[in-house]
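Hi everyone, thanks for coming. Please have a look at the sequence and the structure on the screen, and I'll talk you through a few places in it.

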Amino acid sequence: MICEDKEVLASMIEEARTYTGYGQLADYIPALREADPSVLSLAIYDGGETCAAVGNVDETFTLQSISKVLSLALALMDQGEEEVFSRVGMEPTGDPFNSIIKLETNQPNKPLNPMINAGALAVTSMISGETPDHKLGRLLTFIHELTGNPEIRYDEKVAESELKTAHLNRSLSYFMKQHGVFDDDVEDLLDLYTKQCAIEVSCQDLAKIGYVIANEGKHVFSKRPIIPLHIARILKTFMVTCGMYNASGEFAIRVGIPAKSGVSGGIMASIPHGLGIGIYGPALDDRGNSIAGMKLLESLSHRYDLSIF
Ligand code: DON
């Protein structure tokens, strides 16, 4: 079994680590420049007592775009599919994650999917709650349930650093507000969104979330549903079609596993009815995905025949 193959996993991680030298840290969020680009960690969870974890497993990092999967789950549970998809589409864009171009050219002017920044901002606006703090608290509680880790918080320094420099996300939000995608106060929405992106996890936490999504949304031990089955399916489908941004097609061919990346260097993967995988490697390729993390997933997929296709 893959989780018992610790030595093999450790040698795969060292092989993949050589690629970290070819990547770059995200620099448009100043706090993310402080990461060590040579770090690489992997956790695999199969529903047992503990995760198999190798590499720099004690490192924590912020979810960034991986949070988009979780805010979507919550918004779908809160508002229902019809309402959510009246404000955000279901189609991949083929453009970078922060692109504005299709917001203008697509009619009506709603974002094409929930995994690009525009779509994720619209989704965050649909999380129920009296105040932004209440909404964030609900998202954190949801993540505590998914991971079984009640210690998870957001990193204030990363959130503040992003909020100060989030001018592209500001412009996307004002554009959408003008076109009636939502009516929230833009600064309040950005504050909530940047805190959501700054939620701090380990690769083990990510593997556990990936496992619940892989396994029909059921709690790891109690088997109680945390995410309804039809929503867990929607999440996995978006992970396949849009999870790695404009690298999603190539990733589907080379790796073939539903996965979601973030610019801090995290990748969460869910093998339907199987494993949850969490990876952290902050050196990114030119499309904003962990360069060594992608290589590692490709090797894992080949060695253990993990492609869903
Ligand atoms: O909104 C942003 O730009 C970031 N907080 C998240 C973007 C991201 O993680 C894209 N990932 N590859």
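Here is a question to start with: at roughly what angle do the axes of helix α2 and α5 cross? Before I answer, please keep in mind that this is a predicted model.

In general, two packed helices are described by the angle between their axes and the distance between the axes. For helix α2, residues 67-79, and α5, the crossing is at roughly 40 degrees, and the axes come within 9 Å. The two helices α2 and α5 are therefore oblique to each other. If you care about handedness, the crossing of α2 and α5 is left-handed. On the α2 side, the contact is made by K68, S71, L72 and A75, and on the α5 side by N117, A120, V123 and T124. Sorted by class, this contact of α2 with α5 has 4 nonpolar, 3 polar and 1 charged residues.

Now let's go to another pair of helices. Helix α1 covers residues 6-17 and helix α13 covers residues 291-304. Their axes are 9 Å apart, and the packing angle is about 140 degrees. That angle makes α1 oblique to α13. What is the handedness of the crossing of α1 and α13? The crossing of α1 and α13 is right-handed. From α1, the residues V8, L9, M12, I13 and A16 take part, and they meet A292, L296, S299, L300, R303 and Y304 in α13. By class, the contact of α1 with α13 has 9 nonpolar, 1 polar and 1 charged residues.

You can find S173 in helix α8, which spans residues 167-178. Is S173 buried or exposed? Its relative accessibility is 0%, so S173 counts as buried. And which residues does S173 touch, if we leave out those up to four places away in sequence? The answer is L121, F182, V186, L189 and L190.

My last stop is Q107. This residue, Q107, lies in the loop between α4 (101-105) and α5 (117-124). Here the relative accessibility is 59%, and because the cut-off for exposed is over 50%, Q107 counts as exposed. What does the side chain of Q107 reach? The side chain of Q107 reaches the backbone oxygen of E104, at 3.4 Å.

To recap the two residues: S173 is buried, whereas Q107 is exposed.

Notes:
Residues numbered from 1 in each chain as written. Predicted model: local features only at pLDDT ≥ 70, side-chain atom pairs only at ≥ 80, totals over all residues. Heavy atoms only, no water. Axes fitted to C-alpha atoms, helices over the stretch in contact; angles between N-to-C directions. Helix = DSSP H or I, 4+ residues; strand = E, 2+ residues; numbered from the N terminus. Parallel < 35°, antiparallel > 145°, perpendicular 65-115°, else oblique. Left-handed = near helix turned anticlockwise from the far one by under 90°. Contact = heavy atoms within 4.5 Å. Nonpolar A, V, L, I, M, F, W, Y, C, P; charged D, E, K, R; others polar. Buried < 20%, exposed > 50% of the residue type's maximum accessible area, 1.4 Å probe, protein only. Polar contact = N/O pair within 3.5 Å; in protein donor to acceptor, adjacent residues only side chain to side chain.
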